[in-house]
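Welcome, and please open your viewer.

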Amino acid sequence: MDSGTWYYTDFDRSISLSGMRPTRPKLRQSSVAAHTEAGTFNYYEQSESDHKVILKGGHGREIKALAVQKPEKHRWLIATGSEDTDIRLFEYILGNAGGGEIKNTCVLRKHTTGLQALRFSSDGSTLISAAGMEEMFAWTLSPLPVINQGVVFAGSLPSTDRHSDARIMSFDISIASSNLGSVRLFIVAAFSNGKAKLIQYDNPGETGNFVVLRELDFGMICLTQAYMWLEQRTETNTMEGIISATNGQIARYCISSPPHEYSNSPAPALQAANTSIQSQWQHKVHQNSITALHNVHLNSGHDLVVTGGDDNALAFTIASRMHETDKEMPETFRYRSLIIPKAHAAALTALTIIELGCDAEERRVFVVITAGNDQRVQTWLVKIILSALPTMGEENSHASTTSSTAISLDLVELIQIDFLAEQYTNVADISNLAVMSAEFPSGKAQVLVVGIGMETVDVVLPVVDQCNINT
């Protein structure tokens, strides 16, 4: 045998490598792998696929963003955004037996970086998407026959710096007005460079326009979550909300403007100077990054902020507005947190809340559903005694005369938390949860879990006696 030629024979095929000019074997339709190891040439062939496609139309990377909208009874429109830069719209139809059918209706390809957040407007006419490189896009939705859903790209947020690589980590939207063929939205977006922006989006027709109204600078930290609501007051319109960051802090922001500023005046007239956050409005909750946040408005003076973090903890924080003590800072806030350490065996990455009403003792009742990197979905029952919440004046007096130990004891009495259940999910790297359906009084809910894949899990809800809630 020529020392410069090697032969490998396998049944009816052979390979000859001579002088770096190998002869090609005749192969059937199959997968082939060849390599050398320890002086031995190895050749493998697989005639069948090593996997089976169950459902076509999923993402090629992990899902990082989720939005759910219910245009009809027993039918949901689901938007998912992934690291593969695609936005996919799915239609989910609930069956009579409780199961559901999901199908991919369209794919939106415009972003150049991985998706971070998605939100539908409350009227279902607009989808806002956000990603890296300060990309924020608006999409106009409209129902169509046969294909069910039509989508048109409507506009993008102008970048302040074309070289910026800041990611829009999270955002929340509030619809200001919606008429036939036009919509106005307020958006609060949290950026990875420590800035939060209040943005107005107008779409009077075919194209939309983004305008930045305020910019809040939180310093050299990465913001992670954003939540907002719009309050109408006698002399001012107030934009309020909660921002969280990688340093484990939450911050309450409040932006007040004259009533005409949020009216139907042209968008360019709404430009305003930057506003900074007061340091005493910030509160340390977790040891490190806050990865999940949800806010519940209890009454005019108090909010419940539920957070989860990289420290595996679940925290419940009562944010209370105190009465006016300084003309230069008309409002201050007091925070009290109740923390459940090691709520999950790994980082708590997603949570959602279902409100059940109030029980016979007039306690506000919620079910908090959490999920983490331990691939567990947990259910918690939370009851808050509304009558025990102090008024603004009482809150201020209580804060100045009561020790921190007594405050913690009061909070334990104010909030009752019970662990209900835990179940395993096949979805790894969970990023978001969404409630698909909640049936009362049967006590069942379907929750959509997304991450590396997606699935729905059934959650059993406790039954409580309903009563009126005065907020």
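Start by selecting strand E23, residues 302-309, together with E22: the two pair in the antiparallel sense over eight bridges. Here strands are DSSP runs (E, at least two residues), numbered from the N terminus, and two strands pair if DSSP finds at least two bridges between them. This is a predicted model, where local features need pLDDT of at least 70, side-chain atom pairs count only at pLDDT 80 or more, and totals for chains, interfaces and linings use all residues. Residues are numbered from 1 along each chain as its sequence is written, and side-chain values use heavy atoms, leaving out hydrogens and water.

Now click on Ile290. Which residue is its bridge partner in E23? Look for Gly309.

Next, widen the view to the open sheet of four strands, ordered E22-E23-E24-E25 with antiparallel pairing. At its edges you will find strand E22 (290-299) and strand E25 (332-340), each pairing on one side only.  On average, neighbouring strands of this sheet are turned by 20° against each other, direction ignored; axes are lines fitted to C-alpha atoms, and angles run from 0 to 180 degrees between N-to-C directions.

Move on to another open sheet of four strands, E26-E27-E28-E29, again with antiparallel pairing. Strand E26 (348-358) and strand E29 (415-424) are the edges; each has a single partner strand, so one side of each is left without a neighbour in the sheet. The twist from one strand to the next averages 20°.

Finally, select residues 363-372 (strand E27) and 376-385 (strand E28), an antiparallel pair with nine bridges. Within it, Arg364 has Ile384 of E28 as its bridge partner.
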